[in-house]
Every structure is written in structure tokens, then in C-alpha cells.
Amino acid sequence: MLMALGMFVFETRTVPYQQLQRATEWRHTSQSRVGDRPAYQFVGPGSDKITLSGTLLPEFTGGRLDLDDIRDMADQGKAWPLVEGTGRQYGLWVITQVDETSSTLFRDGAAGKIDFTLSLEHVDDERTDLIGDLGTSSLARLAGAYA
């Protein structure tokens, strides 16, 4: 397991990302001063974003259906706990964007190669009311079909 977002597990047979990029900001306000540089004050943390990107080869890895599962999670507008395979907990994250580019198309339109980018943003970890419910997602419907 590379990472888990809620109950969605990033691994070879689902969505194995090849790159994780994280950008964290801190907020500082400025006050102009006559004859001197502006004065700055730290006002707290800013946005914290993670971008996962990679290439899917549906004959060997996950494909469009796995990306659709992530889209179903995003449709809920909820936050999901993000945990790395090492056990590191990142807190609660929302899915803000999924980009997908299909290429090496077969005669039926199926993609032999899918490049993807998944964008996540950290939300307040204390807001447990934001945590998503997989009971309404296609992941739960699929799990029920195999039970």
C-alpha cells in the first residue's frame, strides 16, 4: 500500500501514483510604514496541498473505474483521512480536482495508457463532521456486490 484516502487504497492494482508533490503555505500580513519596509505579522497557517500524479496502464494497474471511485468520493464534498503506507497520518483532506488524459486508445475506445493528476487540500482536522461516508459511494456498492 502506498497510501490510503479514506477507504480508497492507492496500490498497484488501483491507482499507483509515481509522484507526490506537497505545497504548504503560511500567512503573513503586512502593514506599510513611512520611510521603512513594511511590518509583517504571522497570522497562521495557510493552504496545504498534495498533488498525486502518475500513469495507469489498465492491463496491469487500475484504470478509469478506479479514478471514477475517487470522483465519487469528491462528489460527496467531504474530507477523508490520508494515511501513508509507512503509517504516517496526514490528517483530513478533500479532493479538489482529478485530471485524466487517455492515450494509446484501442479500437473500442478503451485507453491503454491513462495519465492522471489528483489534487488534495488539507482541512481542519478537528472538523470530524466533514468526514466522508463510504456508504453512499460506488466503493460501497461494489463491496456489497462482492459480499
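Ser47 has a relative accessible area of 17%, so it is buried; buried here means under 20% relative accessible area, exposed means over 50%, and partly exposed is in between, with a 1.4 Å probe and protein chains only. Apart from neighbours within four places in sequence, Ser47 touches Ala23, Thr24, Glu25 and Glu121, where contact means heavy atoms within 4.5 Å.

A word on what you are looking at. This is a predicted model, in which local features need pLDDT of at least 70 and side-chain atom pairs count only at pLDDT 80 or more, while totals for chains, interfaces and linings use all residues. Residues are numbered from 1 along each chain as its sequence is written, and side-chain values use heavy atoms, with hydrogens and water left out.

Now the sheet. In what order do the seven strands of the open sheet lie? The order is S2-S1-S5-S6-S7-S4-S3, with antiparallel pairing. At the edges are strand S2 (8–10) and strand S3 (19–33), each pairing on one side only. On average, neighbouring strands in this sheet are turned by 30° against each other, direction ignored. As for the terms, helices (H or I, at least four residues) and strands (E, at least two) are DSSP runs, numbered from the N terminus, and two strands pair if DSSP finds at least two bridges between them. In general, strands of a sheet pair through backbone hydrogen bonds, either parallel or antiparallel.

Let's walk across the pairings. S3 and strand S4 (residues 36–56) are joined in the antiparallel sense by 13 bridges, and His28 is opposite Phe42 in S4. S1 and S5 run antiparallel and are joined by three bridges; there, Met3 has Glu84 in S5 as its bridge partner. Between S5 and S6 there are five bridges, again antiparallel. Ala79 has Val94 in S6 as its bridge partner, and Leu82 is opposite Gly91 in S6. S5 and S6 make a hairpin with four residues between them, and Gly87 in the turn has a positive phi of about 100°.

Moving along, S6 and S7 pair antiparallel over eleven bridges, with Glu100 opposite Phe116 in S7. The hairpin of S6 and S7 has five residues between the strands, and Gly109 there takes a positive phi near 95°.

Which residue has a positive phi although it is not a glycine? That is Thr104, with a phi of about 50°. For background, most residues other than glycine have a negative phi. Thr104 belongs to strand S6, and its relative accessible area of 52% makes it exposed.

What packs on the sheet? Helix H1 (residues 64–75) does, touching strand S1 (3–5), S2, S4, strand S5 (79–84), strand S6 (89–105) and strand S7 (111–122). The direction of H1 makes about 140° with that of S6; axes are lines fitted to C-alpha atoms, for helices over the stretch in contact, and angles run from 0 to 180 degrees between N-to-C directions.

Next, the aromatic rings. Rings of Phe, Tyr and Trp (its six-membered ring) pair if their centres lie within 6.5 Å; planes under 30 degrees apart count as stacked, over 60 as edge-to-face and the rest as tilted. By this rule there are two aromatic pairs. Phe8 and Phe10 are edge-to-face, at 5.0 Å centre to centre with 75° between the planes. The rings of Phe10 and Tyr17 have centres 5.8 Å apart and planes at 75°, so this pair is edge-to-face. Together, ring pairs link Phe8, Phe10 and Tyr17 into a cluster. Are these residues buried or exposed? Phe8 and Phe10 are buried, and Tyr17, at 13% relative accessibility, counts as buried. For Phe10 the relative accessibility is 0%.

Last stop, the second largest pocket, with about 160 Å³ of space. On a 1 Å grid over the protein atoms alone, a pocket is an open set of points where a 1.4 Å probe fits, with protein on both sides within 12 Å along at least five of seven lines, and lining residues have an atom within 4 Å of a point. Grid points are joined across faces, edges and corners, and the volume is the space filled by probe spheres set on the points. The lining includes Arg13, Pro58, Gly62, Arg64 and Ile114. H1 and S7 each supply at least two lining residues, and H1 gives the largest share, three residues.
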